[in-house]
Amino acid sequence: MFDQLLIGSFVTFTSLLLASTLWWILTAFTERWEAWLSAPPHFIKSTYMVGMVVLWSMMMMTVGVWLWAIILRQMATFATFEEAMYFALVAYTTLGIGDVPVPKEWRLLGGMVGANGFLMFGLMTAMLTDTLRHVRNAQFGKKVELPD
C-alpha cells in the first residue's frame, strides 16, 4: 500500500511540477507580448490568447497522461502500452469507464491518477483565468482587483 502511495505521490508531484513549469513559460510569453496585446484589435488578440491557452492546457494534460501511462507500463501493470495509455486517460479525466481495470494489487494508483487529473483541471482553470486577466489588463491598462 505504501509503495503505491509513494509512487502515486511522486508521479502526481512530477506531473504538477511539469504543468507549473509550462504555466510559467506561458506567463513569460504573455508578459513579453504585452505591448502587442495592448494595441487594437483587442477581440482578435483575446481570441488568439484563449486558443493558445487551450492548446497549452491540452499539452499539459497530454504530458500528465503520458507520464502516468509510461509509469504504469514500466511497472508491468498492463500488458500493452495502449492499455496503460487508455487507462491513464480514462482515469486522469475522471471518466472511469472501468473496462480496463487496474490489477487489484495496484488499485490505489487508479484513484491517484484520477486525483492528479482533478488537480490538473483546477490548475488549467486557474491558468486560463489568470491569462485572460493579464490580457485584459494589458488591453485596457487597468488592474482588476480580486475581492477580499
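Me: Leaving aside its neighbours within four places in sequence, which residues is T30 in contact with in this predicted model?
Reply: Happy to start there. In this predicted model, T30 is in contact with L37, M49, T131 and H134, once its neighbours within four places in sequence are left aside. T30 itself sits in helix α1. There is also a pairing across the sequence: T30 and V135 are 105 residues apart along the chain, yet 7.8 Å apart in space, C-alpha to C-alpha.

Me: Why does T30 count as buried?
Reply: Its relative accessibility is 3%. Buried means under 20%, so T30 counts as buried.

Me: What joins the side chains of S46 and Q139?
Reply: A polar contact of 3.1 Å joins them. The limit for such a pair of N or O atoms is within 3.5 Å, so a value of 3.1 Å qualifies. Q139 is also one of the residues in contact with S46, along with V135 and R136, leaving aside neighbours within four places in sequence.

Me: What makes α3 roughly antiparallel to α5?
Reply: The axes of α3 and α5 cross at roughly 160° and come within 10 Å. Angles over 145 degrees count as roughly antiparallel, and that makes α3 roughly antiparallel to α5. As for handedness, α3 passes α5 in a right-handed crossing.

Me: Which residues of α3 and α4 meet?
Reply: From α3, the list includes M61, W66, W68 and R73, and from α4 it includes F81, F87, L89 and Y92.

Me: How do you know that the length of α4 agrees with a helix of 12 residues?
Reply: The expected span is 1.5 Å times one less than the number of residues. For the 12 residues of α4, residues 81-92, that should give 16 Å, and the end C-alpha atoms are 16 Å apart, so the two agree. For α3, with 33 residues, the reach from first to last C-alpha is 48 Å, close to the 48 Å expected. Helix α5 has 34 residues and reaches 50 Å, close to the 50 Å expected.

Me: Which residues in α4 are buried, and what do they pack against?
Reply: A84, M85, F87, A88, V90, A91 and Y92 are buried. The buried residues of α4 pack against α1, α3 and α5.

Me: Why does I71 count as partly exposed?
Reply: I71 lies in helix α3 and has 22% relative accessibility. Buried would need a value under 20%, and exposed one over 50%, so I71 counts as partly exposed. I71 touches I7 and V11, not counting residues up to four places away in sequence.

Me: What makes the phi of A76 and of T94 worth a look?
Reply: Most residues other than glycine have a negative phi. A76 has a positive phi near 60° and is not a glycine, and T94 has a positive phi of about 55° although it is not a glycine either. A76 is found in the loop between α3 and α4, and T94 in the loop between α4 and α5.

Me: Why is A76 called exposed but T94 partly exposed?
Reply: A76 has a relative accessible area of 58%, and exposed means over 50%, so A76 is exposed. T94 has 48%, which lies between the 20% and 50% cut-offs, so T94 is partly exposed.

Me: How do you know that the peptide bond from P40 to P41 is cis?
Reply: Its omega is near 0°. P41 lies in the loop between α2 and α3. Most peptide bonds are trans.

Conventions. Residues are numbered from 1 along each chain as its sequence is written. This is a predicted model: local features need pLDDT of at least 70, side-chain atom pairs count only at pLDDT 80 or more; totals for chains, interfaces and linings use all residues. Side-chain values use heavy atoms; hydrogens and water are left out. Helices (H or I, at least four residues) and strands (E, at least two) are DSSP runs, numbered from the N terminus. Buried means under 20% relative accessible area, exposed over 50%, partly exposed in between (1.4 Å probe, protein chains only). Contact means heavy atoms within 4.5 Å. A polar contact is a pair of N or O atoms within 3.5 Å; within protein, one must be able to donate a hydrogen and the other to accept it, and residues adjacent in sequence count only if both atoms are side-chain atoms. Axes are lines fitted to C-alpha atoms, for helices over the stretch in contact, and angles run from 0 to 180 degrees between N-to-C directions. Angles under 35 degrees count as roughly parallel, over 145 as roughly antiparallel, 65 to 115 as roughly perpendicular and the rest as oblique. A crossing is left-handed if the near helix is turned anticlockwise from the far one by less than a right angle, and right-handed if clockwise.
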